[in-house]
Amino acid sequence: MISLYFLTIKKDGYYFVNPFASEFNPTSGGVVQQSFEITVGSGEIVKSPAVSQSTRKKISTKTQTLRNDKQKVNDVLGNPIIIGSVVIWRVAEPTKAVFNVENYKEFLSIQCDSVIRNIARMYPYDNMEDEADEKSLRGSSQEIAESMRKELQEKVIEAGLEIKEVRITNLAYSDEIAAAMLQRQQAVAIIAARQKIVEGAVSMVKMAIDQLGEEEIVVLDEERKAAMVSNLLVVLCGNKDAQPIVNSGSIY
């Protein structure tokens, strides 16, 4: 038997279908025959058997969502991370979706896993301190998601699918290094906070010495100025509140 493809109906309306023809949809796994009647010479009416409607499968062109499972991959630095995504897609060409691939949904899922794994291995999870301008999975999620969409579109175009959007929905370090990376992030935050505290303390000490000298409230030699600067920095940069001590004697 020779099978011929005629067309894919995409518009509403009334269409004539040859009742003696049969349709084959690879996604349904069977042949769907049209039911018709034949009158034989004796006047007996013979009905051709019709295959159950459950074997029919229509190709929907509505926008659909594919939630990709979380998978463990290594970033460009070799750190294991957990990444998951969601894909917004639709069938743009039903003919290609039916005849070019065995199962277009499974085909899309496999290609999505491959693209996410390949793209994630090209970027670090987060920027290092000396590489602030480099793209990262956490800091440049929109740009990387767009790269995923373009690469995924190239891979599934033969299946007649249109990729509208790819979003990263889950991104985290793997369990085996999550604690160490958390300590690293905390250390970076503490250093940045200490740097701000020291900058503010130096500015306040300089302002105090300048005002004392300009208004001639007290005249200090270099040794006393150094002692004053040291005491003020200890008070301003310390983690705990300073305990005041009253000196009733001469500072000299």
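A nonpolar core is a set of buried Ala, Val, Leu, Ile, Met, Phe, Trp, Tyr and Cys residues joined through side-chain atoms within 4.5 Å. Buried denotes under 20% relative accessible area, exposed over 50%, and partly exposed in between (1.4 Å probe, protein chains only). The model is predicted: local features need pLDDT of at least 70, side-chain atom pairs count only at pLDDT 80 or more, and totals for chains, interfaces and linings use all residues. Numbering starts from 1 along each chain as its sequence is written, and side-chain values use heavy atoms, without hydrogens and water.

The protein chain contains five helices and eight strands. Helices (H or I, at least four residues) and strands (E, at least two) are DSSP runs numbered from the N terminus. Their order along the sequence is β-β-β-β-β-β-β-α-α-α-β-α-α. Of the 252 residues, 24% are buried.

The largest nonpolar core has 33 residues, and W89 and L152 have the most contacts inside it. Two or more residues each come from strand 7 (80–91), helix 1 (94–99), helix 2 (104–120), helix 3 (141–156), strand 8 (161–173) and helix 4. Helix 2 gives the largest share, eight residues. Not counting residues up to four places away in sequence, L152 touches V87, L108, Q111, C112, V115, I163 and V166. Contact means heavy atoms within 4.5 Å.

Helix 5 holds V235. This residue is partly exposed, with a relative accessible area of 44%.
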